[in-house]
Amino acid sequence: MRYINLRDLTVSAIGLGCMGMSHIYTGHRQAEKDSIRTIHRAVELGVTHFDSAELYGPYKNEVLLGKALKGRRDQVVVTSKFGMVSHVGNPGPLDSSAENIRAAVDGSLTRLDTDYIDLYYQHRVDRVVPIEEVIGTLKELISEGKIRHIGLSEAGPDTIRRANAVHPITALQSEYSLWTRDGDDGTLELLEELGIGFVPYSPLGRGLLTGRIRSLDQLDQDDWRLGNPRFMNGALEKNLHALKDVQAVAEETGATLSQVALAWLLSKGDDWAPIPGTIRISHLEEDLLAVDVKLTAEQIVALDNVTQPVGGHHTVAQMKLFDRTNTHKDRRGS
């Protein structure tokens with residue numbers, strides 16, 4: 001394993017996204033002991049970066065991670081997220097009020113069975129509560145020892161700059177992969193300017209970039225992906241065909257599709273730390289070998305220009321929760 005810095009937080013170059021062990025994907029109902037074995041194997045292989053959120057389950061994933069890391073807490077970086085669950089009864093899908101943040105962090109600490117969270121993310125930008133107020137509350141939590149670093153998820157450039165002016169932001173977590181390039185809107189350049197690390201989630205395109213999903217019949221009836229545009233209305237078949245560009249590089253390097261997709265991300269920055277998710281030890285072991293895949297400059301360019309998939313990576317309704325414009329208004333005023 002290699003290790004990188006998200007600003008001043010050291011993590012394994014590849015982390016483990018734990019969401020799928022408890023939430024929305026096929027396999028999330030597997031026996032807890034099997035998920036714990038996967039997490040333990042990750043630690044054995046040098047993974048130090050474990051990503052969770054109160055939303056995942058909800059709550060179940062934090063409990064799982066707390067159990068799995070019992071006795072191993074000082075070896076790892078634990079992250080969680082707040083703001084998509086309201087504990088104080090505020091209406092709407094998002095709540096980053098100070099009252100809710102404090103309720104959320106106390107709940108997460110209990111479920112994770114820990115005294116502190118290494119990296120605490122605002123899960124989605126709350127358009128009601130100014131980001132300056134949100135970061136102010138998180139600064140207080142740092143001074144109280146409940147969290148150590150502040151992160152943002154799916155935040156746009158204006159929000160990132162305003163947040164970082166209040167307190168240094170350690171990392172931005174956003175979807176980014178060979179097939180999702182939202183950060184190319186200027187966000188990635190801003191992160192470099194401000195010294196903020198980048199954590200790409202869904203780096204394997206929710207399984208599409210692995211090449212293993214060949215039919216919707218492989219997915220449980222309640223799998224979230226069945227409502228995702230890249231899997232619907234014949235899109236899956238077209239997207240499987242588009243994998244030929246990635247397959248060509250995989251054949252040149254002797255690596256798997258997953259390893260090529262992750263190696264491409266690792267080539268993009270010394271402070272990029274993708275967090276592929278899996279419930280299986282075999283897939284985990286395959287993914288982590290991506291740190292040893294060496295791509296040539298020509299292969300990186302070829303991957304930069306791979307055929308893009310059919311369908312958006314989220315629905316229109318889901319994209320409304322992404323902070324991708326500077327036109328949001330505070331509902332309490334202007």
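Rings of Phe, Tyr and Trp (its six-membered ring) pair if their centres lie within 6.5 Å; planes under 30 degrees apart count as stacked, over 60 as edge-to-face and the rest as tilted. The model is predicted, so local features need pLDDT of at least 70 and side-chain atom pairs pLDDT 80 or more, whereas totals for chains, interfaces and linings use all residues. Numbering starts from 1 along each chain as its sequence is written, and side-chain values use heavy atoms, without hydrogens and water.

Five aromatic pairs are present. One of them, Tyr 176 with Phe 198, is edge-to-face, at 5.8 Å centre to centre and 80 degrees between the planes. Tyr 176 lies in the loop between strand S8 (171-175) and helix H6 (187-194), and Phe 198, 22 residues apart from it, in strand S9 (residues 197-201). Helices (H or I, at least four residues) and strands (E, at least two) are DSSP runs numbered from the N terminus.

The axes of helix H2 (residues 60-68) and helix H3 (residues 98-112) come within 7 Å and cross at roughly 45 degrees. H2 is therefore oblique to H3. Their contact (heavy atoms within 4.5 Å) involves these residues:

| Helix | Contact residues |
|---|---|
| H2 | Glu 62, Val 63, Leu 65, Gly 66 |
| H3 | Ser 108, Arg 111, Leu 112 |

By class, three residues of this contact are nonpolar, two polar and two charged.

The lining of the largest pocket comprises 18 nonpolar, 17 polar and eight charged residues.

Terms used
Axes are lines fitted to C-alpha atoms, for helices over the stretch in contact, and angles run from 0 to 180 degrees between N-to-C directions. Angles under 35 degrees count as roughly parallel, over 145 as roughly antiparallel, 65 to 115 as roughly perpendicular and the rest as oblique. Ala, Val, Leu, Ile, Met, Phe, Trp, Tyr, Cys and Pro count as nonpolar, Asp, Glu, Lys and Arg as charged, and the others, Gly among them, as polar.
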